[in-house]
Structure formats: structure tokens, C-alpha cells
Amino acid sequence: MKSLIIVDPQNDFITGTLPVPGAEKAMRDLASRLGEFPVQHIFVTMDCHPFRHMSFEEEGGIWPVHCVKYSGGAAVEPVLMEALRMCGDKTVHFIEKGTLRDREAYSAFEESYPSLLDEADEIFVTGLAGDVCVQTSIRDLVRHGLAGKLTVVQKYCPSLDGGKLLSETAGELGLKISDF
């Protein structure tokens, strides 16, 4: 079995309050190829912040207000969401993170991960932003013992830093890299 993890493909990270350069093209390109991924399960992580989340600048954090739960900015990019809906032979799982007002959550896998990933022979990881939530998610998955299964799909991982930290992290951890 193979799985795909798409980290935070949400409107605020694409065209909203915290856009990642190249995110719109990357997510639409991913959507156009989603059916080609040889996976049975797709896991989509999503920031689902409450109002006044500690990461927001107005609360003393470093980020603008973004991905407030149930807002348009927190929604999955529409073209990708439609592609996910049309993947009838793949099971799609949504994982919320950052739901507590006083706790940051760059990764949905800090404390645990879906047990279905134990059954996977390969886990493709992609999403937004490569140098923030994707690389943090990868580090957590490696810490949980999944390093040998991980393949980073950099083509769909635009970063705020142009991809430097994600490439360094993948190299440091000895992870496979693919442009699928």
C-alpha cells in the first residue's frame, strides 16, 4: 500500500493572507496529476485555527491571521478539492491541526500519526510551505520511525525560502526525493 500526505493546501497559503510564492500553480499541477499517484490513501493536513490563535501577530505571534476554522481562507484550494472529490478509488482523510488557541502546530504529526501509515510501503509527502509545515511534518514522521517509507515530492512543495530548507532537511534525513 502507498499513501500521499498533502500538507496544508489551503487558500490562505495560496492567494490569501499568507501566500507562498508558486503555491497556486503547484496545487493546481498537483490536482491535475492526483489521479496518477499510485496511492490508496490520501491524508490532507489543515490548519484550523480558532480566533485569536497565539501564532497571529495581533496575539504576539509571527504570522498574519490565517486559516481560521470555517473561514474561506481555511478551505482547501478549490481545484485540488475537486480533484480529491473525484479520486473515487482513493480514500481521503482530513487531519486538523493548530486547533488550540495557545499551542502552535506546524505539523499534524507531532504527537502521533495515522496508524494506516504503518501499513504503507511508501509515503509521498508534499504541500505548503516546504520550509515550514512540510519540513516540520517530515521531521515528525521520521521521529516516529517512518523515514524509510518517505518520499518528498518537491515539485508540489513551494517554499517561502525558495526550497533551501526542505532540500537540506531531506538530505540530512536521507529521504528519497521525487518530482513525480
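Is Val153 buried or exposed? Keep that in mind; the tour comes back to this residue.

**Before you start**

This is a predicted model, where local features need pLDDT of at least 70, side-chain atom pairs count only at pLDDT 80 or more, and totals for chains, interfaces and linings use all residues. Residues are numbered from 1 along each chain as its sequence is written, and side-chain values use heavy atoms, with hydrogens and water left out.

**Stop 1: the whole chain**

Show the chain as a cartoon. Four helices and six strands make up its secondary structure. Helices (H or I, at least four residues) and strands (E, at least two) are DSSP runs, numbered from the N terminus. Starting at the N terminus, the order is β-α-β-α-β-β-α-β-α-β. The radius of gyration is 15 Å, close to the 16 Å that the globule rule gives for 180 residues, so the chain is as compact as a globular protein of that length. That radius is taken over C-alpha atoms, and the globule rule is 2.2 Å times the number of residues to the power 0.38.

Turn the model along its principal axes. The C-alpha atoms fill a box of roughly 45 × 35 × 30 Å. Of the 180 residues, 51% are buried. Buried means under 20% relative accessible area, exposed means over 50%, and partly exposed lies in between (1.4 Å probe, protein chains only).

Now think about contacts, meaning heavy atoms within 4.5 Å. Take those between residues at least 6 apart in sequence: 79% of them join residues at least 24 apart.

**Stop 2: strand S4**

Select residues 122–127, which form strand S4. Six of the six residues of S4 are buried, so the strand is largely enclosed by the rest of the structure. Show the side chains. Glu122, Phe124 and Thr126 point one way, while Ile123, Val125 and Gly127 point the other way.

Which strands lie beside S4? S1 and S4 run parallel and are joined by six bridges. Look for Val7, which stands opposite Gly127 in S4. Then turn to S5, which pairs with S4 in the parallel sense over three bridges. Two strands count as paired if DSSP finds at least two bridges between them.

**Stop 3: strand S5**

Select residues 150–153, strand S5. Leu150 and Val152 point one way, Thr151 and Val153 the other, and all are buried. Ile123 stands opposite Leu150. Phe124 has Thr151 as its bridge partner.

Now zoom in on Val153, in strand S5. Here is the answer to the opening question: Val153 counts as buried, at 0% relative accessibility. Beyond residues up to four places away in sequence, Val153 touches Phe37, Phe124, Val125, Thr126, Ser178, Asp179 and Phe180. Ile5 and Val153 are 148 residues apart along the chain, yet their C-alpha atoms are separated by 9.9 Å.

**Stop 4: Lys155**

Move on to Lys155, in the loop between S5 and helix H4 (164–173). Lys155 counts as partly exposed, at 44% relative accessibility. Which residues does Lys155 touch, not counting those up to four places away in sequence? They are Ala26, Arg33, Ser178 and Asp179. For a distance check, pick Asp131. The C-alpha atoms of Asp131 and Lys155 are separated by 13 Å.

**Stop 5: His144**

Select His144, in the loop between helix H3 (130–143) and S5. At 22% relative accessibility, His144 counts as partly exposed. Leaving aside neighbours within four places in sequence, His144 is in contact with Phe109, Glu110, Glu111, Ser112 and Tyr113. Phe109 is 35 residues away along the chain, and its C-alpha atom is 8.6 Å from that of His144.

**Stop 6**

Asp8 is buried, with a relative accessible area of 0%.

Finish at Tyr70, in the loop between strand S2 (41–47) and helix H2 (78–85). Tyr70 is not a glycine, but has a positive phi of about 75 degrees. Tyr70 counts as exposed, at 76% relative accessibility.
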